Amino acid sequence: MAIQRLYTILSCVFLSLHQLASSAPVSSDESQRLADPDYGPVPGQDPLFSSYKGKDPTFPGNLKGTIFPTGNGPPGTDDIVWQNLLAAEWLIFEFYQQGVEAFKPEDFIAAGFPNHTYDAICEIRNNEAGHLRLFQERISDNSLKPGACQYRFPFYDALSYLAIATVLEISSMAFLTGLVQTAELPSSHAAMLAIAETETRHETWALLDIWKTNPFAGPIDTIYPYPTQILDPIRHYVVPDSCPSENPQFPNPSQNLPGLSPAIGTKSLQPGSTITLNFTEPTNQPHFQDDQDFFATFFHGPLNISVPINTKDWPEQSIQVQIPELEPKGVFIMVITDTVGAPTIDNVIVGPSFLLLQPAELGLALIV
């Protein structure tokens, strides 16, 4: 794929936010049947969650309402963690469901992708539906189980759709590595690891089969310790005021941090490159105190490196930073912090931003 074509398409897409609207959530009354763990097909047992090829949503994606508690005791130990994960999973499931509905196999073939691309999207959609059911069951009967919102995703053709899919899959891996650290129960750790193994297969398929690039990310994938911050940027895919009123806040907690990305015109995201920082939300800009030091902190693998930045002349002058010399594999996560290494979640004041190193063209194309 020519980088110029990809850049042009995705720049237009992300600026226009063309809508492929999902159907409105189904009533909670109908979805309440899902409170029974024995209701419906079982992930890992029923082939529905792998082999179904229909356009209609895969169970339980056809029952989108909030599931109300059936117990009266205290919340389960990891209920908030699983609520965050379920709310995020609704967004991911709906992205793949919209792709199944919007495209035909011929659309991907005509765009130059492998013949089985549409079938793979169907299977990923089915896997994500299985995740919905698994996460619902992980939340205790004493806590509410979030329902679906409505979502807008900025794609309008096969190329832009697969680009967003790749970003979501890579982001989800960094999200899951952080989420495991917030859970307390060993059974939660094991379940999240098993989900991450499936998501890794999705990511590997996209990098290897779709983008024809090396899918290896080095000896260890990127660990980011504050997973709810990764959810903050994707909440912009949620249609305002479309979520069930009973749903918990998403993400929980939400810091509403200012958005961050490399500026348009960036030539390289490789280690050693100097980039200009762009704060992407006009109504949510950072505030830099004159007497405070600030850093661009880059997470990659198990490491993080903080690079001092000059904020004294901002916004009159742009802020630039050199990407540190880390192995050019996988993804870097960049945030702005008020302390070296961001030892606590409150030390992160802007971001995060994902710097995709593989494929390099895709990382540059997504800068807007």
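Me: Ala-342 lies in a loop; how are the helices and strands on either side of a loop defined and numbered?
Reply: Helices, of at least four residues, and strands, of at least two, are DSSP runs. They are numbered from the N terminus. In this predicted model, the loop that holds Ala-342 runs between β6 and β7.

Me: Is Ala-342 buried or exposed?
Reply: Ala-342 is not a glycine, yet its phi is positive, about 50°. Buried means under 20% relative accessible area. Ala-342 has a relative accessible area of 3%, so the residue is buried.

Me: Is Lys-212 buried or exposed?
Reply: Lys-212 is found in the loop between α8 and α9. This residue also has a positive phi, about 55°, although it is not a glycine. Exposed means over 50% relative accessible area. With a value of 60%, Lys-212 is therefore exposed.

Me: How many residues of α4 are buried?
Reply: Helix α4 covers residues 79-102, 24 residues in total. From its first C-alpha to its last it reaches 34 Å, close to the 34 Å expected. The helix is mostly covered, and the buried residues number 21 of 24.

Me: Which element gives the most residues to the largest nonpolar core?
Reply: The largest nonpolar core has 76 residues, and Phe-95, Phe-108, Tyr-161 and Leu-162 have the most contacts inside it. Elements giving two or more residues to this core include α4, α6, α7 and β6. The most, 14 residues, come from α7.

Technical notes. Residues are numbered from 1 along each chain as its sequence is written. This is a predicted model: local features need pLDDT of at least 70, side-chain atom pairs count only at pLDDT 80 or more; totals for chains, interfaces and linings use all residues. Side-chain values use heavy atoms; hydrogens and water are left out. The expected span of a helix is 1.5 Å times one less than its number of residues. Buried means under 20% relative accessible area, exposed over 50%, partly exposed in between (1.4 Å probe, protein chains only). A nonpolar core is a set of buried Ala, Val, Leu, Ile, Met, Phe, Trp, Tyr and Cys residues joined through side-chain atoms within 4.5 Å.
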